[in-house]
Amino acid sequence: MKDLTQQLAERDAAGLYRRRRVVDGPQQPWLRVDGREVLSFCSNDYLGLANHPKLIEAMKRGADGYGVGSGAAHLVSGHSRAHHQLEEELAEFTSRERALLFSTGYMANLGVIASLLGPGDTVFQDRLNHASLLDGALLSRARLSRYAHRDMAALEQQLVRSKASERLVVSDGVFSMDGDIAPLPTLATLSQQHQAWLMVDDAHGFGVLGARGAGVLEHYQLDSQQAPILMATLGKGLGSFGAFVAGDDALIEYLINSARPYIYTTAMPAAQAEVSRAALRLLDEEGWRREKLQGLIARFRHGAEQLGLPLMDSPTAIQPLLIGSAPAALQLSEALYDDGLWISAIRPPTVPEGTARLRITLSAAHSEAQLDRLLDTLACHLAECG
Ligand SMILES: *Cc1c(COP(=O)(O)O)cnc(C)c1O
């Protein structure tokens, strides 16, 4: 048996130890942690909805109407009217025939990949895809063919050579640790040319990108023919919890009948589905949140460029600063924390070796003054104090 204590000590020495901090109170820019207030730039609550009064109200109403536990899996007795209505609203919002709720995005990705593919098939993935997509490939026992980040020539070569009977091309829409956007129009063309399915994981684009907040496919104006399988989460931009897959009727019925992470798990609470329904309405009623976020992104990038900070090429709310070594990223994150800023250090294996970074995320809930404070503090640690 391996010595766990020893393994943990080795991790610690390499700057790779992972620790949790306990937060008191709701998600918002100012967080109460260990009795002190810190300004957070590491939540995925991009629109500032996780503590929205209308969503809190929706959860309370949901609990009054449905209780708190869903009691069973969707295929038994756990599929409530609230879940069903949310699925219909998501299908309509994404202009697809059907949508299917999953309890988490991680499970949705496992469920889709492992039920569509098996031994003898191939799944093509961007090297920087989210861990859940890689795990889905492993679970499916299909061949995993990874291409260099956004390298469409490499993908084309792999598709040309492939003799697999079923092929699935999968990509993050917005890359979770880099913030850049996948070249989806080319991915769609290549997939169609080579008789492959295309699946897009829009965890970081849904709610945020596109004129109506329908995500990265709306941003690129791609339809359901071009991108037949859409997966997105409800726990990031929507400030709620859970995930869904949207596509045609046959896909959804197939998943209901064969996706094990769908079948063998308890449905999310119906009250949580009511929260997501209310969040969908807010995407329309409070479109200013997307505009405000875009303004903050531009302001941050402009300020960071002037300071000479190691910005990455990202147009989204994810604005990482590339540091390099894991211990250096960790040290910097801890020094910033001492100065009242919470920005997590992202280290291998979440990102490739030598590319540890500070993953800054912006939210419509941040003020310009908070953003300026972020820039001033970063300047002190990474450039020169103003
Ligand atoms: C967060 C995330 C997931 C997982 O979603 P959860 O609902 O948190 O399980 C999947 N894919 C990507 C790209 C993500 O960032």
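## Helices H13 and H15

Helix H13 (residues 288–307) packs against helix H15 (residues 368–382) at about 25°, and their axes are 10 Å apart. That makes the two, H13 and H15, roughly parallel, a label used for angles under 35 degrees. Axes here are lines fitted to C-alpha atoms over the stretch in contact, with angles running from 0 to 180 degrees between N-to-C directions. Helices are DSSP runs of H or I with at least four residues, strands are E runs of at least two, and both are numbered from the N terminus.

H13 passes H15 in a right-handed crossing, meaning that the near helix is turned clockwise from the far one by less than a right angle. On the H13 side, the contact (heavy atoms within 4.5 Å) uses Leu296, Arg299, Phe300, Gly303, Ala304 and Leu307. H15 brings in Glu368, Leu371, Asp372, Leu374, Leu375, Leu378 and Ala379. Sorted by type, the H13–H15 contact has nine nonpolar residues, one polar and three charged. Ala, Val, Leu, Ile, Met, Phe, Trp, Tyr, Cys and Pro count as nonpolar, Asp, Glu, Lys and Arg as charged, and the others, Gly among them, as polar.

## What you're looking at

This is a predicted model, where local features need pLDDT of at least 70 and side-chain atom pairs pLDDT 80 or more, while totals for chains, interfaces and linings use all residues. Residues are numbered from 1 along each chain as its sequence is written, and side-chain values use heavy atoms, leaving out hydrogens and water.

## Helices H4 and H12

Now for H4 (residues 81–93) and H12 (residues 270–285): they pack at about 30°, with axes 8 Å apart. H4 and H12 are therefore roughly parallel too, but H4 passes H12 in a left-handed crossing. Among the residues making this contact are Leu86, Leu90 and Phe93 of H4, and Ala273, Leu280 and Leu283 of H12. The H4–H12 contact splits into eight nonpolar, three polar and three charged residues.

## Around the ligand

A polar side-chain atom of His204 sits 2.5 Å from a ligand oxygen. A polar backbone atom of Gly105 is 2.8 Å from an oxygen of the ligand.

## Serine 43

Ser43 lies in the loop between strand S3 (36–40) and helix H2 (53–66). Apart from neighbours within four places in sequence, Ser43 touches Gln27 and Thr361. Its C-alpha is 24 Å from that of Leu307, 264 residues away along the chain.

Terms used. Angles under 35 degrees count as roughly parallel, over 145 as roughly antiparallel, 65 to 115 as roughly perpendicular and the rest as oblique. A polar contact is a pair of N or O atoms within 3.5 Å; within protein, one must be able to donate a hydrogen and the other to accept it, and residues adjacent in sequence count only if both atoms are side-chain atoms.
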